[in-house]
Amino acid sequence: MHKVVVLDFGSQYTQLIARKLRELGVFSEIFPFNIPLAKLRKEDPSALILSGGPQSVYEKGALLVSKEIFKLGIPVLGICYGLQLMAKLLGGKVLSSKKREYGFASLEVRDRTGLLSGVKDKGQVWMSHGDRLERIPPGFIISGKTANTKAAVIESSKDKLYGVQFHPEVIHTRDGKKILTNFLFRLSGLKNEWSLGSFIGEKVKEIRGFVGNKKVICGLSGGIDSLVTSLLVHRAVRRNLFCVFVDNGLLRKNQYLDLMKKFRRQLNLNVIGVDASELFLDRLKGVISPERKRKIIGELFIRIFEEQARKIGGVDFLAQGTIYPDVIESSPVRGPSSTIKSHHNVGGLPKRLKFKLIEPLKELFKDEVRVLAEELGIDKDFITQHPFPGPGLAVRIVGEVTRERLEIVREADEILIQEIRRAGLYKQLWQVFVVLLPVKSVGVMGDRRTYQRVVVIRLVQSEDGMTAAWYQARPELLARLSNRIVNEVQGVNRVVYDITTKPPGTIEWE
Ligand code: XMP
C-alpha cells in the first residue's frame with residue numbers, strides 16, 4: 001500500500017496534514033525532519049511532504065534536510081517553511097518579507113496544468129509565515145501568486161517537486177483539499193486505498209506476525225483507547241491476550257464495577273481485576289507536581305502489570321492504547337512540535353520496562369478510534385462517552401490527592417454528568433468534568449460562615465483534543481450546576497466556570 005511520509009519541521013498543522021491525507025484515503029506517517037536518509041528510504045514512501053514550521057530557512061540553526069531527499073525519485077510537496085526550504089536548497093532565494101502575510105489571502109491562479117488543476121481563481125488561502133520566496137530555483141515555474149507573495153505556488157513538473165506558501169491542510173484554504181488531491185492522485189499517481197476498515201485487517205495481521213504465539217497483557221483504563229486496543233489484539237491472538245483492569249482509586253463513581261461487567265460479559269474479554277486503590281493513594285500522598293503524579297501512576301500501573309504478568313507466566317508483550325495526540329504532545333523524538341505534557345501512556349513509562357510494546361492506535365486521532373470501535377462491535381454509549389485520562393481523577397485534583405478530595409470530585413462529577421445529559425448536551429461536548437482547587441474560600445450558608453473548597457466546571461468542545469473551545473453554556477444551566485454542587489457536595493461552597501480555550505490552556509488542568 002502507498003504511504004506518504006510527512007517530515008515535521010514544527011508546524012502546529014503537521015498532524016493535520018497527515019490526517020487530511022488519511023481522509024483522502026492515503027496512509028501517511030509523520031517523522032521528525034532529521035530522520036536519517038537511510039531510514040527514510042527504508043520507510044519506502046511513495047511521496048513526501050515537508051511541513052511548515054516557525055523558523056526562517058536563513059536563520060542560524062534552521063532545521064535543514066539533506067538535498068538528497070529531492071533525489072529519491074518520489075514527488076515532494078513543500079508547505080510554507082517546506083516550500084522555502086526546498087527552494088533554498090535547490091538554488092532559490094528566501095527573504096524576510098516586509099509586507100507580512102498572515103491569515104487570509106486571495107490566490108491568483110496562473111497555471112492549471114499541475115497542482116492547481118481545477119482550483120478556482122481568487123479563492124481564499126491561509127498564510128502563516130513572515131518569509132517569502134524572492135527567487136525561485138531553476139527548473140520551477142510559478143503557478144500561483146497572491147497580492148504580497150509573488151511565488152505562492154511553485155512547481156517543477158519534470159522533477160515532481162511542488163511547493164505552496166499557504167496551508168492547503170487547513171479549512172480556511174478553500175481549495176486546499178483539491179490541491180492535496182492533485183498532489184496525491186494526479187501528480188504522484190497514488191491510489192486511495194486506505195480506510196479504517198482496511199486498518200483493522202492490517203493491524204491484526206501485523207500484531208499476529210509480531211506476537212506469534214506469545215502472550216500479551218493489556219491494561220484497560222476504562223477509556224475507549226485501551227478497549228479498542230484490546231479488541232484489536234484479541235482478534236489477533238485470542239486466548240493469549242490477558243487484560244488487566246486496575247482499580248487505582250482514581251476512577252469515577254461506580255466505574256470499576258460497571259466496567260468489569262461490560263468487559264467480561266459483553267465483550268468476552270479475559271480480564272483480571274486488581275484492587276490497588278490503597279497502594280495508589282499511599283504513593284500519591286504529599287505529591288503535588290502533575291508530572292510526578294503521572295509518573296507515579298504510570299509506574300505503579302506497570303508494576304501491577306508486571307506482577308500480573310509474572311502470575312500468568314510467559315508474557316512478553318504489553319499492549320497500550322496510545323493515540324496520536326498523546327504521541328505528539330509528549331514526545332520530542334517524533335519531531336520538533338514542542339512537548340506539552342507527558343501523558344501517562346507515553347511519558348510515564350519506566351525505563352526498566354520488561355515488555356515489548358504494542359501500540360496499534362499510535363497514528364490515529366480520537367474520532368478515528370471511535371469509528372474503529374464501532375467496527376469492532378462496541379456499543380454506541382460507550383463509544384460516545386467522553387475521554388477519561390489515564391491518571392484519572394488525580395489530574396483533576398490540583399495539589400495533593402486525598403480520599404476526601406476524591407470523594408468531592410466524584411460526587412461533583414456525577415452531578416455534572418447527570419445535568420449535562422439531562423440538558424441533552426453530552427453528545428455535542430468533547431468533555432465535561434470538574435476540577436478541585438487546592439484553595440478554600442469564604443462563604444455563607446444559612447447564617448453560618450463557611451470556609452470550604454472551590455470546584456471548577458470545565459465544558460469543552462473539540463474535534464480531536466488538539467484544540468478546544470470552552471462551551472458557551474446557558475446561564476440557567478450554570479446556575480443549576482452551581483446550585484446542585486454547592487448544596488449536594490459536602491465541603492464545597494464555591495463553583496467557578498473555566499473560560500479558557502486550548503491553546504493557550506490545555507483541556508485538563510494538569
Ligand atoms: P489536554 O489536557 O492535554 O488533553 O489538553 C487532551 C485530551 O487528552 C486527555 N488526557 C489524557 N489522556 N492520559 C490519557 O490517557 C493522560 O495523562 C491525559 N492527559 C490528558 C484529556 O482528557 C483530553 O481529552
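Analyst: Start with axes: they are lines fitted to C-alpha atoms, for helices over the stretch in contact, and angles run from 0 to 180 degrees between N-to-C directions. Helices (H or I, at least four residues) and strands (E, at least two) are DSSP runs, numbered from the N terminus. This is a predicted model: local features need pLDDT of at least 70, side-chain atom pairs count only at pLDDT 80 or more, and totals for chains, interfaces and linings use all residues. Residues are numbered from 1 along each chain as its sequence is written, and side-chain values use heavy atoms, without hydrogens or water.

User: What makes α13 roughly antiparallel to α14?

Analyst: Helix α13 (residues 403-422) packs against helix α14 (residues 475-488) at about 150°, with axes 10 Å apart. Angles under 35 degrees count as roughly parallel, over 145 as roughly antiparallel, 65 to 115 as roughly perpendicular and the rest as oblique. So α13 is roughly antiparallel to α14.

User: Why is strand β2 called largely enclosed?

Analyst: Buried means under 20% relative accessible area, exposed over 50%, partly exposed in between (1.4 Å probe, protein chains only). Six of the six residues of β2 (residues 27-32) are buried, so the rest of the structure largely encloses β2. Both faces are covered: Phe-27, Glu-29 and Phe-31 are buried on one side, Ser-28, Ile-30 and Pro-32 on the other.

User: Why does Arg-239 count as exposed?

Analyst: Arg-239 has 72% relative accessibility, so it counts as exposed. Arg-239 lies in the loop between α6 (224-237) and β11 (241-247).
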